[in-house]
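Keep the model open as you read.

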Amino acid sequence: MSQKTHRGTRVVHAGLPQAKQGRPFNEGPTFASTFHLSGHTDNADFQYGRFSNPTWEALESGLSELEGGETVVFPSGMAAAAAIMSSLVVCGEIIVLPADGYFATRAYAEEFLVPNGVKVNLVSTPELLKYDYSDVRLVLIESPSNPLLDVVDIKALAKRVQSSGGLLAVDNTTLTVMGQRPLELGADLSMSADTKALNGHSDIVYGHVSAKDPVLLERVRLWRKLAGNIPGPMESWLVHRGLATLDVRLERMVSNAQQIAEFLHNHPSVKWVRYPGLPTDPSYDVAKTQMDHFGFIVSFDLGSPAQADQFLQSCALIFEATSFGGVHTMAERRARWGTDDVPEGLVRLSVGCERIEDLLAAIDKSLHP
Ligand SMILES: Cc1ncc(COP(=O)(O)O)c(C=O)c1O
């Protein structure tokens with residue numbers, strides 16, 4: 001579809017086959033470990049289920065159009081992150097990861113790359129632009145970061161990292177491709193845990209990596225093929241179905257999140273709120289220059305674990321669960337995992353598609369039990 005068409009229209013049609021008399025709008029999932037292949041191995045588009053699959057390719061073509069770079073899909077967000085780190089960095093090279101980002105990305109690097117001679121340096125998101133990137137091979141950031149929602153100027157960071165010969169990869173999970181396009185901002189790679197808002201229904205674990213440079217993407221694709229870290233056709237088809245409503249879901253989620261952030265900002269029981277859409281937030285100025293929306297996550301401090309637990313247990317409309325980005329509003333006291341450097345009373349709230357009046361009433365009631 002023409003690049004002139006609104007992105008919110010393109011996402012509805014992204015990756016669909018050409019309209020054909022008597023065929024469905026999208027083909028169903030192809031369940032195949034092997035494909036008919038006579039003679040030379042190049043004689044067919046598909047040869048073996050670990051190499052490629054038509055259902056992956058339909059979703060990849062839709063995501064490639066939206067991301068502005070070729071895309072490879074993965075069975076989880078962590079598989080996408082591991083693919084980037086494992087395929088593009090070798091022994092003796094340096095990776096910079098966010099000290100304040102999703103903990104499993106750091107844990108993967110520390111468990112599986114450091115013992116193989118890769119050096120991992122942790123830098124917090126607000127410090128990224130001050131860091132010296134000489135000799136750094138790969139910088140994998142999150143902006144906004146999960147869970148504290150700090151934002152870095154991606155254009156400026158890409159220039160700094162690339163001018164010293166490194167690669168910048170951006171984990172775009174908290175916004176999705178509808179909220180920010182790292183490749184357009186100059187990053188080398190964009191990745192996402194599509195488990196979250198991109199699929200959006202809290203029923204699938206999935207991920208993808210996109211890159212402008214086909215040589216980089218081929219390395220990532222080769223890692224998928226040789227490590228066998230491949231998604232199932234059914235999951236791929238369902239993520240593709242979810243993608244069509246991404247813009248509509250986000251419209252409601254982001255508008256709800258803005259109103260909830262403003263409400264919490266003025267609430268006496270709340271010590272502080274982080275939301276990039278609050279003009280008082282440290283992320284606001286940069287966020288509005290590079291993000292199309294401010295996201296659906298609101299993080300706030302209720303002062304103590306007891307206050308946070310009390311809030312979560314008394315708010316019937318909010319599911320207490322880890323993860324974010326689904327149509328159902330969910331929240332958790334993030335420090336309960338012991339993996340993030342966050343205040344004990346911090347609640348990460350992922351705002352869903354319910355009506356705002358009901359959400360505000362439920363939150364207000366739970367803050368005054
Ligand atoms: C920012 C971010 N990146 C990556 C991941 C990993 O995604 P998955 O759980 O699909 O492996 C998560 C999961 O919470 C995340 O929050």
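This is a predicted model: local features need pLDDT of at least 70, side-chain atom pairs count only at pLDDT 80 or more; totals for chains, interfaces and linings use all residues.

Residues are numbered from 1 along each chain as its sequence is written, and side-chain values use heavy atoms, with hydrogens and water left out.

Start with the domains. The chain is divided into domain 1 (7-243) and domain 2 (247-367). These bounds come from an automatic or database domain assignment. The C-alpha centres of domain 1 and domain 2 lie 26 Å apart.

Now look at where they meet. In domain 1, 36 residues are in contact with 33 residues of domain 2; contact means heavy atoms within 4.5 Å. About 2600 Å² is buried between domain 1 and domain 2, and carbon and sulfur atoms give 57% of that area. Buried area is the accessible area (1.4 Å probe) that two parts lose on being put together, summed over both. Pro 147, Leu 148 and Leu 149 supply 23% of the area that domain 1 buries against domain 2, more than any other three residues.

Next, the cavity. The structure holds one cavity of 30 Å³ or more. A cavity is a set of points, on a 1 Å grid over the protein atoms alone, where a 1.4 Å probe fits but cannot get out; lining residues have an atom within 4 Å of a point. The largest cavity has a volume of about 40 Å³. Volume here is the space filled by probe spheres set on the points, with grid points joined across faces, edges and corners. Each of domain 1 (7-243) and domain 2 (247-367) gives at least three residues to the lining of the largest cavity. Among the lining residues are Leu 149, Pro 276 and Phe 294.

Ala 287 is found in helix H9 (residues 284-290). Helices are DSSP runs (H or I, at least four residues), numbered from the N terminus. Ala 287 has a relative accessible area of 0%, so this residue is buried. Buried means under 20% relative accessible area (1.4 Å probe, protein chains only). Leaving out residues up to four places away in sequence, Ala 287 touches Val 151, Pro 276 and Phe 294.

Finish at Arg 10, in helix H1 (residues 7-13). Arg 10 counts as buried because its relative accessibility is 3%. Beyond residues up to four places away in sequence, Arg 10 touches several others, including Glu 65 and Leu 66.

Terms used. Helices (H or I, at least four residues) and strands (E, at least two) are DSSP runs, numbered from the N terminus. Buried means under 20% relative accessible area, exposed over 50%, partly exposed in between (1.4 Å probe, protein chains only). On a 1 Å grid over the protein atoms alone, a cavity is a set of points where a 1.4 Å probe fits but cannot get out, and a pocket is an open set with protein on both sides within 12 Å along at least five of seven lines; lining residues have an atom within 4 Å of a point.
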